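Please keep the sequence and the model in view while following the headings below.

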Amino acid sequence: MSKILTIDIGTTACKVIVFDLQGNILAKSNREYPTYTPQIEWAEQDPNDWWGECVNGIKECLQQTDGSSIVAIGLSSQRETVVPLDKDGNILYRAISWMDRRSRLEAEEISREFGKETVHKITGLIPDSTFTATKLLWFKKYEPDILRKATVFLQPKEFIGYKLTGEAATDHSLASRTMMFDINKRQWWQDIFEFVGVKLNQFPRLCYSDEIIGYLKDDVAKMLGLKSGIPVVSGGGDRPLEAVGAGIIGSRVMESTGTATNVSMSSNKVPEQLDPRVVCSCHVIRDYYLIEQGISTSGTILRWVRDNFYRGEKEKCENVYEVIDKEAENSSPGANGIVLLPFFMGSRATRWNPDARGVLFGLTLTHSRGDIARSVLEGISYEIRACIEILEGMGLKVESVVSMGGGAKSTVWSKIKADILGKKVIVEKVSEAASKGAMLLAAVAIGARKSLIEEKRDVLFEYTPNSHNKQIYDRVYEIYNELYNSVSDIYPKISKISSQD
């Protein structure tokens, strides 16, 4: 039986999965690594941690299934995070994460130099510290030797591909998240390279997501316990791969909540009425695009709730999130008058406010931790609604929402989403959608499949809006937006205070 091995370098962990050609999981490993925060708003990762857990994860999977029939390796990863390598492949600086906010001023510089509208029209992106170009400009200003010594700048799955094959290659889905790529011409936007201080030859060669970038090196194969020469397929960014794994086409919207939340739709063209608050990047499907919005902190807020309000529960039960769900469910719609703004590390789409902060509004002495937990689930759902309203304002038809990621495991949260969004929320039996997307791409690349789109979908649950709850949430949603508008002028002041600390 032929098998495909996938490697997904996420924000918190490396997932290694072995699939059969029908998409069934035969072996799985999930190994976490740290994110380093040496200063306020900084977030870095050590690529050696990625590689170390990748190696361990592969070995762990090979203890669960025979690796001799693995016919391809597919890659997936977080996007925008960048690591510079020298000519010998040595790491020159820890990878600056997509969530790192140190280059906020550099994003403003790029906006002033080229114009926000021009950047958006060419790259589909909005000048923000999320994207790679701003991080490179930060290097130019504060670590110029890094730019001078760097032979290549790689994003996470590109780094893993390099370690496996010795080849440095990127795909359109990751290239288009650098803010240095023309999504209409599908080529590098050369005007920005000189401004941020890098050259075109410092970037990896450009491939399609379903192309083979190289073959597993002999020494690496021996170390891993795999056959030498296994084709390694380019793969892509985790979000577009999730969209492939979840079958996001037509009027289906993907809402994927893990560390962060992504709201996206696919399109076979760049929309003519592309809202300036929305980002559009290249899909892993050839000649397709992914229209995206995102919330920087969502699952991470729930983890914050777990660690600060449910600390004692860890010793009592295996899954603290089940306790959180139960208590949130016992709270009433509207969280008994608590409203949460979920901007714990600034706001991305739709609001694009790097100074934004989290707000927990309406607290009284009668409130419980369950009310706070529910307010988190609701607050993130309100922001998902804001994203969907913008998609509909662009003339896109949204009929249903496919909920993905760790957040979809919560039935309570899925019901809340359906009530707040006023849309049918679907949870499918697609575990590890990004990895499955990488598997499908790898299968197409080696000729084992003809299409990336799976016609048959395996639905676990469908939730339709409760009309009574929706009426309550419609009123609270107005308060949610009014609350944001009322504090938005205060955010820069509190941001300055925190940066001085």
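How many bridges join E1 to E2, and do they run parallel or antiparallel? Seven bridges join these two strands, and E1 and E2 run antiparallel.

## Basis of the description

This is a predicted model, in which local features need pLDDT of at least 70 and side-chain atom pairs count only at pLDDT 80 or more, while totals for chains, interfaces and linings use all residues. Residues are numbered from 1 along each chain as its sequence is written, and side-chain values use heavy atoms, with hydrogens and water left out.

## The protein as a whole

The secondary structure comes to 17 helices and 23 strands, where helices (H or I, at least four residues) and strands (E, at least two) are DSSP runs numbered from the N terminus. The C-alpha atoms fill a box of roughly 65 × 50 × 45 Å along the principal axes. For 501 residues a compact globule would have a radius of gyration near 23 Å, and the protein, with 22 Å, agrees with this; the radius is taken over C-alpha atoms, and the globule rule is 2.2 Å times the number of residues to the power 0.38.

Buried residues make up 61% of the 501 residues, with buried meaning under 20% relative accessible area, exposed over 50%, and partly exposed in between (1.4 Å probe, protein chains only). Among contacts (heavy atoms within 4.5 Å) between residues at least 6 apart in sequence, 72% join residues at least 24 apart.

## A six-stranded sheet

Strands of a sheet pair through backbone hydrogen bonds, either parallel or antiparallel. Here, an open sheet of six strands has the order E3-E2-E1-E5-E14-E13 with mixed pairing, two strands being counted as paired if DSSP finds at least two bridges between them. The edge strands, each pairing on one side only, are E3 (25-32) and E13 (212-215). Neighbouring strands of this sheet are turned by 20° against each other on average, direction ignored, with axes fitted as lines to C-alpha atoms (for helices over the stretch in contact) and angles running from 0 to 180 degrees between N-to-C directions.

Within this sheet, E1 and E2 form a hairpin with three residues between them, and the bridge partner of Ile-7 in E2 is Val-16. E1 also pairs with E5, in the parallel sense and over seven bridges, and there Ile-4 has Ala-72 as its bridge partner in E5.

Strand E1 is mostly covered, since seven of its seven residues are buried. Lys-3, Leu-5, Ile-7 and Ile-9 are buried on one side, and Ile-4, Thr-6 and Asp-8 are buried on the other, so that both faces of E1 are covered.

Helix H6 (residues 156-165) lies across E1, E5, E13 and E14, and runs at about 150° to E5.

## Cysteines

How many disulfides does a search of the whole structure find? The search finds zero disulfides, a disulfide being a pair of cysteine sulfur atoms within 2.5 Å. Cys-387 is in no disulfide, and the nearest cysteine sulfur, that of Cys-280, is 15 Å away. Cys-387 counts as buried because its relative accessibility is 0%, whereas Cys-317, with a relative accessible area of 24%, is partly exposed.
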